[in-house]
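I opened a new page for this structure. These are my notes on what I looked up, in the order I looked.

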Amino acid sequence: MTIRIASGQGFWGDLLSAPVEQVRRGPIDYLMLDYLAEVTMSILQKQRSRDPAQGYARDFVPLMGQILGDCVEKGIRVVANAGGVSPDACRDGVLAEARKAGLTGRAKVGVVSGDDILHRLGELVERGHELRNMDDGRPLSEILDRVQSANAYIGARPIVEALDKGATVVITGRSTDTALTYAPMIHAFGWARDDWDRIACGVVAGHINECGAQASGGNSLIEWERFDELGLSDVGFPIIEASADGSFVVTKHEGTGGRITPAILKEQIVYEMGDPREYITPDVIADFTTIRLEEVGADRVRVHGIAGRPNTDKLKVSISYGAGWKAVGTLVYAWPQAVEKARAADRVLRERMDRMGFAFDEVRTEFVGWNSAHGPLAGPPPPDLPEVELRIAVRGPERSAVEAFSREIAPLVLTGPPTVTGFAGGRPRVQEVVAYWPALIDRTEIEPNLRVEVTQA
Amino acid sequence: MSRVLLYRLAHARSGDKGDTVNVGVIARRPEFFPFLRETLTVDRVRKHFAGMVEGEVERFELPNLDALNFLLHGALGGGGTVSLMTDAQGKTFSTALLRMEVDVPSELTALLEGAHG
């Protein structure tokens, strides 16, 4: 027996048609959707603080209205971390869509919660949990009053419980991205908690699925010049065809664009990787140096042989906090001497800001069209560049100073170097800087508080 | 021996974790992997990224994928939303590394295909 777990969304903002196509263009058993990035949690937390009925990935509810009927018809079950910081509100939205679609009594919605520890932070710190920053070792107490969100990364077990209880749709908060793919495997194959090698296989499957089309030809350097010919405008998102022994085949629906090859999977496997021998998840530590890839057919690559080690007694916590303000201003300078003009404008702007006495933590100048991606590796500006975009960004603790900067861009048009354009968008938007604070917490502080609820539509 | 761009021997993908960029470099053919393992030392990669990477460079090997993984610490101006860089997520560090010029022995140049370089 194999089960087919389809990737439907690699981040919040990914192709909206992808999950619909996964459900309609071929056979699948499960659909996983990954919505959460680190910065997403703080955005959702702010939305919830303004309106308690918000704080989840809003796209998910209308999507369910669109596909839940097909899912029930075909027996497809959905696992998504769309709940953000309001999984209950997300569940209520999906239940309403299910009833509207005439699925009353035919669909169950499961919710996993308890990962959100924002309201517990003060108490945890008081009881001696320092929640030190994993990157620089500072204790959380230094920024506790500026924290905006705090969520523990939780693993597959609560999702498995919801699937065991018959949920058609499982909504989680800050589940790990990979758990959304391997929870269905644990549910279907009944793997034990200490079946480390098989769960490690599931983690690799999850890592391949979690970025959507990056595993099926999108954003790949392999023969990118053949992009049109390879049909990337109709790219098929990856599908994991998993077996009980942990091995799996990566494939995609027939007739879709893109491709599944070992080279493309290698690019996805190394994406956002640290030490490959230690890919740490709440359920297992997977060793990516043991992955075996084997092409077994057109758009079919078999993945097997992965070794796992026992999980640790800690869970990772993702904390976000307010860290000042920033704005980015841009202007376009045209030939001749485009770069020289942009440089002169940069000098003028910096001198004006100095005279006005603004204090910033950082002022950064880039020249888009020359060095904004590869910096010093781009070499000197090409002679006679037809045009360049001046991009100046500032960041500082005072909102008022950043606002003053944003008012200084447009005046450069009439008071700075000539042949300048690209200012029609108005003043640069002043944005709050939300910094990220990774920490570890004892598993025993989180897991007893996890809650799994399954509700009939 | 001939001097070619690393881009002809390898492909790559890069991404972020906080203020750290990871660049996974993959041999375009298995025959190229021993050469990459020998040539792309931590020291060579650190020098290549002079002015772009403030912290340490770490290297890990994935011989099963004919790949090396580099961690470039302190490369993203604070990372995440703190960073003021256009490429705050380090997405283009992949080809920034593949710009490197390397001296390739003649038995390998015979295997090079038409990729840019």
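A crossing is called right-handed if the near helix is turned clockwise from the far one by less than a right angle, and left-handed if it is turned anticlockwise. I wrote that down before looking at any helix pair. I also noted that this is a predicted model.

**Entry 1: two helices of chain A**

I started with helix α3 (residues 60-74) and helix α4 (residues 87-100) of chain A, whose axes come within 9 Å and cross at roughly 30 degrees. Angles under 35 degrees count as roughly parallel, and α3(A) and α4(A) are therefore roughly parallel to each other. By the definition above, the crossing of α3(A) and α4(A) is right-handed. I then listed the residues that meet. From α3(A) they are A:F60, A:V61, A:M64, A:G65 and A:L68, and from α4(A) they are A:C90, A:G93, A:V94, A:E97, A:A98 and A:K100.

Next I took helix α7 (residues 179-189) of chain A and α8(A), with axes that come within 7 Å and cross at roughly 140 degrees. That angle makes α7(A) oblique to α8(A). The crossing of α7(A) and α8(A) is right-handed. On the α7(A) side I found A:A179, A:L180, A:T181, A:Y182, A:M185 and A:I186, which make the contact with A:I199, A:G202, A:V203, A:A205, A:G206 and A:N209 of α8(A).

**Entry 3**

I looked up an open sheet of chain A with 3 strands in the order β9-β10-β13 and antiparallel pairing. Which strands are at the edges? They are β9 (279-280) and β13 (307-309) of chain A, each pairing on one side only. I counted 2 bridges between β9(A) and strand β10 (residues 285-287) of chain A. In one of the pairs, A:I280 has A:I285 in β10(A) as its bridge partner. Helix α8 (residues 196-209) of chain A packs on this sheet and touches β9, β10 and β13 of chain A, and its direction makes about 110 degrees with that of β13(A).

**Entry 2: a covered strand**

**Entry 3: chain B**

I turned to chain B and found 4 helices and 6 strands, in the pattern β-β-β-α-α-β-β-α-β-α along the sequence. With 117 residues, a compact globule would have a radius of gyration near 13 Å, and the 14 Å of chain B agrees with that. Its C-alpha atoms fill a box of roughly 45 × 25 × 20 Å along the principal axes. Buried residues make up 50% of chain B.

**Entry 4: where the chains touch**

How many residues of chain B are in contact with chain A? I noted 29 of them, in contact with 40 residues of chain A. The elements of chain B that give two or more residues to this side are β2 (10-17), β3 (20-27), β4 (57-62) and β5 (67-72). The largest share, 5 residues, comes from β2(B).

Technical notes: Residues are numbered from 1 along each chain as its sequence is written. Chains are lettered from A and ligands numbered from 1 in the order in which they are written. This is a predicted model: local features need pLDDT of at least 70, side-chain atom pairs count only at pLDDT 80 or more; totals for chains, interfaces and linings use all residues. The radius of gyration is taken over C-alpha atoms; the globule rule is 2.2 Å times the number of residues to the power 0.38. A residue is buried if 20 or more other C-beta atoms lie within 10 Å of its own, exposed if 12 or fewer, and partly exposed in between; C-beta atoms are placed from the backbone. Axes are lines fitted to C-alpha atoms, for helices over the stretch in contact, and angles run from 0 to 180 degrees between N-to-C directions. Angles under 35 degrees count as roughly parallel, over 145 as roughly antiparallel, 65 to 115 as roughly perpendicular and the rest as oblique. Two residues are in contact if their C-beta atoms, placed from the backbone, lie within 7 Å. Two strands pair if DSSP finds at least two bridges between them.
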